[in-house]
Amino acid sequence: MVPIVFGIDKSYILQVFTVMHSILKNSKAGIHFIVLSKDQIEEYTNELVAILEKRYGSFVFEIRRVNEGVFDRVRIYHRRLSQASYFRLLIPQIVKEYDRCIYLDSDVLVNGDIEDFFNVDLEGFYLAGVRDCHLSRRNNDLVVSKHQIKMHLASTEEYIN
């Protein structure tokens, strides 16, 4: 079973189900989707889960509640981000039954078998990420520089998404 975690609020339900669809379409392994949210989203997700189950068969879908206000004092630097983007920081406290899991943002598509990604050898590492191609491909040095300053980064060369 491959555990895949998302952090969303109610405004990203359709996006996360698009990611889930792309995973199920391309994967052979059993999938356990865990959605971290502070919102009551069950009434919106039940029909979408049923559609995916009808098309792809069995998988596990679970919503785990994040405590309201847990990130109230966190400064958000980008207007497109929400508090839900910080829910990934709570994975070790909320998803304790797995030694490892995959966290995905809700703005990606998975075009291959997610189990291949899950089975990457992380020996000696607690966390892995991928280079942010959006930032590294920017031609505008001013945009990169502003991002670097806001994020307190020494360099954007090793910035991961």
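This is a predicted model: local features need pLDDT of at least 70, side-chain atom pairs count only at pLDDT 80 or more; totals for chains, interfaces and linings use all residues.

Strand S2 (residues 31–37) pairs with strand S3 (residues 60–65). The sense is parallel, and I found 6 bridges.

From S2 the chain crosses through H2 to S3. I noted this β-α-β crossover as right-handed.

Then I turned to the other neighbour of S2. Strand S1 (residues 2–7) runs parallel to S2, with 6 bridges joining them. Here Val5 stands opposite Ile34 in S2.

I then laid out the whole sheet. It is open, has 4 strands and reads S3-S2-S1-S4, with parallel pairing. Which strands stand at the edges? They are S3 and strand S4 (102–103). Each has a single partner strand, so one side of each lacks a neighbour in the sheet.

I checked helix H1 (residues 13–26) against helix H2 (residues 42–56). Their axes come within 11 Å and cross at roughly 15°. An angle under 35 degrees counts as roughly parallel, so H1 is roughly parallel to H2. The crossing of H1 and H2 is right-handed.

I also listed who makes the contact. From H1 come Ile13, Leu14, Phe17, Met20, His21, Leu24 and Lys25. From H2 come Tyr44, Thr45, Leu48, Val49, Leu52, Arg55 and Tyr56. I sorted the residues of this H1 and H2 contact by type: 10 are nonpolar, 2 polar and 2 charged.

How values were computed:
Residues are numbered from 1 along each chain as its sequence is written. Side-chain values use heavy atoms; hydrogens and water are left out. Axes are lines fitted to C-alpha atoms, for helices over the stretch in contact, and angles run from 0 to 180 degrees between N-to-C directions. Helices (H or I, at least four residues) and strands (E, at least two) are DSSP runs, numbered from the N terminus. Angles under 35 degrees count as roughly parallel, over 145 as roughly antiparallel, 65 to 115 as roughly perpendicular and the rest as oblique. A crossing is left-handed if the near helix is turned anticlockwise from the far one by less than a right angle, and right-handed if clockwise. Contact means heavy atoms within 4.5 Å. Ala, Val, Leu, Ile, Met, Phe, Trp, Tyr, Cys and Pro count as nonpolar, Asp, Glu, Lys and Arg as charged, and the others, Gly among them, as polar. Two strands pair if DSSP finds at least two bridges between them. A crossover is right-handed if, with the strands pointing away from the viewer, the path from the first strand over the helix to the second runs clockwise.
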